[in-house]
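Visitor: I have a model open and would like to go through it with you, starting from what the records say and then moving on to packing and contacts. Could you walk me through it?

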There are 2 protein chains.
Amino acid sequence: MTNHQFYMRAAIEEAKKAGAIGEVPIGAVVVKDNEIIASAHNLRESAQDPTAHAEHIAIRKAATVVQSWRLEGCRLYVTLEPCVMCAGSIVMSRIPHVIYGARDPKGGCAGSLMDLLQEPRFNHRANVETGILETECSQLLRDFFKNIRKQKKISRTEDNTNA
Amino acid sequence: MTNHQFYMRAAIEEAKKAGAIGEVPIGAVVVKDNEIIASAHNLRESAQDPTAHAEHIAIRKAATVVQSWRLEGCRLYVTLEPCVMCAGSIVMSRIPHVIYGARDPKGGCAGSLMDLLQEPRFNHRANVETGILETECSQLLRDFFKNIRKQKKISRTEDNTNA
């Protein structure tokens, strides 16, 4: 297992925690000096907080740990490509290195819809690596949404039976 | 005074609170049904939190008040054009109406550097109005940075005198 895979696996474990409580399974960890200093998973629904995305929470936790809003020398691992807000929080926290698992063609802003982490007009750019344990990261999401569709189908069938 | 000016003035009062504690003076309020449901000011340095921008905090507070991550029917007033992260949090919270005071040609992502609030590929777009009490909003920032430059000059002069 490579270093990147090791930390991405930790992010996947976080993603599973989200899935277990009915949240879209996305997880993230922040690493500094080869140590995980912050871990988080998506909590948007549980917290009813529009900003409670996995990597956004992990960034805030990491800032608390290093006691600085500048996360220089840190690496962010996240199972899904960051959205516009999370790409923004990466820029704001000056994280120099971002590694993500699955691409998000519908909302990803680190190479898919747009590339905010390489935007020359911002005062910070991050190196980005993709595709680390991509299949596992994608499969978690696919299984989650497949299960939701299945639940909805059962619910509709029950409604029709009771009607 | 128009409605917009009334609420922008409340955002300016928040900005002044930030300035008073040495933070870049930026303030924001979230309004629903013509009532201010959340107010906040920039706390990045005090909290050492890269996400602690005025409008970002106001959005999180507003979500707590309405007990939903969806801030439908809300208006956000902010003294300075939102950055990439805050534009992202507006998209994520589905705020339909954003009013800002001063433009930010260096980092603004609601019309200056780019226009993330009108991006057709995102699943949410916000109406944006600009220039409300623009002079006052800009002046606050200009005075703040002028004062910082002055302090630095005094500090340098003292260093040279003591050398």
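Visitor: What does UniProt list for residues 2-129 of chain A?
Guide: The UniProt entry, which is unreviewed, lists residues 2-129 of chain A as "domain: CMP/dCMP-type deaminase". Please keep in mind that what you are looking at is a predicted model. Within it, that span is 35% helix and 23% strand, and its end C-alpha atoms lie 14 Å apart.

Visitor: And which residue is listed under "active site"?
Guide: That would be A:Glu55, again according to an unreviewed UniProt entry. In the model A:Glu55 belongs to helix α3 of chain A, which covers residues 54-66.

Visitor: Is A:Glu55 buried or exposed?
Guide: A:Glu55 counts as buried, because its relative accessibility is 4%, and the cut-off for that class is under 20%.

Visitor: Which residues does A:Glu55 touch?
Guide: Setting aside residues up to four places away in sequence, A:Glu55 touches A:Ala28, A:Leu76, A:Val78, A:Leu80 and A:Pro82, together with the cysteines A:Cys83 and A:Cys86.

Visitor: Switching to the two chains, how many residues are in contact between chain A and chain B?
Guide: On the chain A side there are 31 residues, and they are in contact with 30 residues of chain B. The two chains bury about 2700 Å² between them, with 68% of that area on carbon and sulfur atoms.

Visitor: Now helices: at what angle do α1 and α5 of chain B pack?
Guide: Helix α1 (residues 3-20) and helix α5 (residues 134-162) of chain B pack at about 5°, and their axes are 10 Å apart. That angle is why α1(B) is described as roughly parallel to α5(B).

Visitor: Which residues meet there?
Guide: From α1(B) the residues are B:Met8, B:Arg9, B:Ile12, B:Ala15, B:Lys16 and B:Gly19, and from α5(B) they are B:Glu136, B:Cys137, B:Leu140 and B:Phe144. By class, this contact is made up of six nonpolar residues, three charged and one polar.

Visitor: Where is B:Val30, and is it buried or exposed?
Guide: B:Val30 lies in strand β1 of chain B, residues 27-32, and it is buried, with a relative accessible area of 0%. Beyond residues up to four places away in sequence, B:Val30 touches several residues, including B:Ile37, B:Ala58, B:Ile59 and B:Cys74.

Visitor: Last topic, backbone: which residue other than glycine has a phi near 55°?
Guide: That is A:Gln67, whose phi is positive, and A:Gln67 lies in the loop between α3 and β3 (74-80) of chain A. A:Asn34 also has a positive phi, of about 60°, without being a glycine, and A:Asn34 is found in the loop between β1 (27-32) and β2 (35-41) of chain A.

Visitor: Why would one single those out?
Guide: Because most residues other than glycine have a negative phi. As for accessibility, A:Gln67 is exposed at 67% relative accessible area, whereas A:Asn34 is partly exposed at 49%.

Terms used
Residues numbered from 1 in each chain as written. Chains lettered and ligands numbered in written order. Predicted model: local features only at pLDDT ≥ 70, side-chain atom pairs only at ≥ 80, totals over all residues. Heavy atoms only, no water. Axes fitted to C-alpha atoms, helices over the stretch in contact; angles between N-to-C directions. Helix = DSSP H or I, 4+ residues; strand = E, 2+ residues; numbered from the N terminus. Parallel < 35°, antiparallel > 145°, perpendicular 65-115°, else oblique. Contact = heavy atoms within 4.5 Å. Nonpolar A, V, L, I, M, F, W, Y, C, P; charged D, E, K, R; others polar. UniProt positions renumbered as here; feature names shortened; annotations may be inferred. Buried < 20%, exposed > 50% of the residue type's maximum accessible area, 1.4 Å probe, protein only. Buried area = accessible area lost by both parts, 1.4 Å probe.
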